[in-house]
Amino acid sequence: MITLSKITLDNRRELFRLEVTKEQQRYVASNLSSVASCYVLATNGGCPMPFAIYADGQMVGFVMIVFGNTGYDQPDMAKDNYCILRLMIGEQYQNRGYGREAMVKILEYIRTFPAGTAKYCWIPYESDNVVAKKLYESFGFCDNGEVYNNEPITVLEL
């Protein structure tokens with residue numbers, strides 16, 4: 001069973017040690033960098049929602065959800081919508097279905113509109129990250145033609 005849990009003083013070091021494969025490191029920032037980005041964004045008026053992803057009590061990944069301001073050049077899609085800005089499953093936990101199960105929980109959470117109502121959820125991704133693109137498409141995300149930080153954007157109507 002997958003759960004999304006708050007990052008705490010007790011679990012932060014475990015989260016910072018969790019990494020993707022060497023080949024995947026060009027697709028996603030480290031968890032330490034992502035948590036630092038959350039702090040900077042939160043102290044500058046943004047609304048980041050970082051979570052550790054657990055499977056049956058074991059930390060297996062990380063997700064950074066943002067509402068509105070992402071702290072970077074904004075695509076049109078950003079205003080008053082949710083963004084899954086970072087999502088990773090640790091190398092030793094991949095190929096077990098945790099990414100798919102995590103997406104279910106992430107979208108369930110977003111659909112509670114924790115930071116405000118929204119029409120869309122969007123995700124920027126590296127164009128050659130075929131695995132991520134297929135995962136997002138399987139949940140109904142579709143590219144909308146916008147580019148964010150040189151990455152295509154895929155969008156889901158909530």
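Colleague: What do the buried residues of helix 2 pack against?

Modeller: In this predicted model, they pack against helix 1 (12-17), strand 2 (47-55), strand 3 (58-67) and strand 4.

Colleague: Which residues of helix 2 are buried?

Modeller: N31, S34, C38 and L41 are the buried ones. Down the helix axis they fall within an arc of 80°, so they line one face of helix 2.

Colleague: And how far does helix 2 reach from its first C-alpha to its last?

Modeller: Helix 2 covers residues 31-42, which is 12 residues. The reach is 16 Å, close to the 16 Å expected at 1.5 Å a residue.

Colleague: Switching to N11. Where does N11 sit?

Modeller: N11 is in the loop between strand 1 (2-5) and helix 1.

Colleague: Is N11 buried or exposed?

Modeller: Buried. Its relative accessible area is 7%, and the cut-off for buried is under 20%.

Colleague: What is N11 in contact with, leaving aside neighbours within four places in sequence?

Modeller: K6, A52, Y54 and M59.

Colleague: OK, helix 4 now. Which of its residues are buried?

Modeller: Helix 4 runs over residues 130-138, and A132, L135 and Y136 are buried there. They cover an arc of only 95° around the axis, which puts them on the same side of helix 4.

Colleague: What's on the face turned away from that buried side?

Modeller: The exposed residues V130 and K134 are carried there.

Colleague: And what do the buried residues of helix 4 pack against?

Modeller: Their partners are helix 3 (98-110), strand 5 (120-124) and strand 7 (151-157).

Colleague: Which residue just after helix 4 has a positive phi?

Modeller: G140. Its phi is about 100°.

Colleague: On to pockets. What volume does the largest pocket have?

Modeller: About 920 Å³.

Colleague: How many residues line the largest pocket, and which lie nearest its centre?

Modeller: The lining has 35 residues. Nearest the centre are L87, M88, N129, A132 and Y136.

Colleague: Which elements give two or more residues to the lining of the largest pocket?

Modeller: Strand 4 (82-89), helix 3, strand 5 and helix 4. Helix 3 and strand 5 also pack against the buried residues of helix 4. Strand 4 is one of the elements that the buried residues of helix 2 pack against.

Colleague: How does that lining divide into nonpolar, polar and charged?

Modeller: There are 21 nonpolar residues, seven polar and seven charged.

Terms used. Residues are numbered from 1 along each chain as its sequence is written. This is a predicted model: local features need pLDDT of at least 70, side-chain atom pairs count only at pLDDT 80 or more; totals for chains, interfaces and linings use all residues. Side-chain values use heavy atoms; hydrogens and water are left out. Buried means under 20% relative accessible area, exposed over 50%, partly exposed in between (1.4 Å probe, protein chains only). Helices (H or I, at least four residues) and strands (E, at least two) are DSSP runs, numbered from the N terminus. The arc is that of the directions from the helix axis to the C-beta atoms. Contact means heavy atoms within 4.5 Å. On a 1 Å grid over the protein atoms alone, a cavity is a set of points where a 1.4 Å probe fits but cannot get out, and a pocket is an open set with protein on both sides within 12 Å along at least five of seven lines; lining residues have an atom within 4 Å of a point. Grid points are joined across faces, edges and corners, and a volume is the space filled by probe spheres set on the points. Ala, Val, Leu, Ile, Met, Phe, Trp, Tyr, Cys and Pro count as nonpolar, Asp, Glu, Lys and Arg as charged, and the others, Gly among them, as polar. The expected span of a helix is 1.5 Å times one less than its number of residues.
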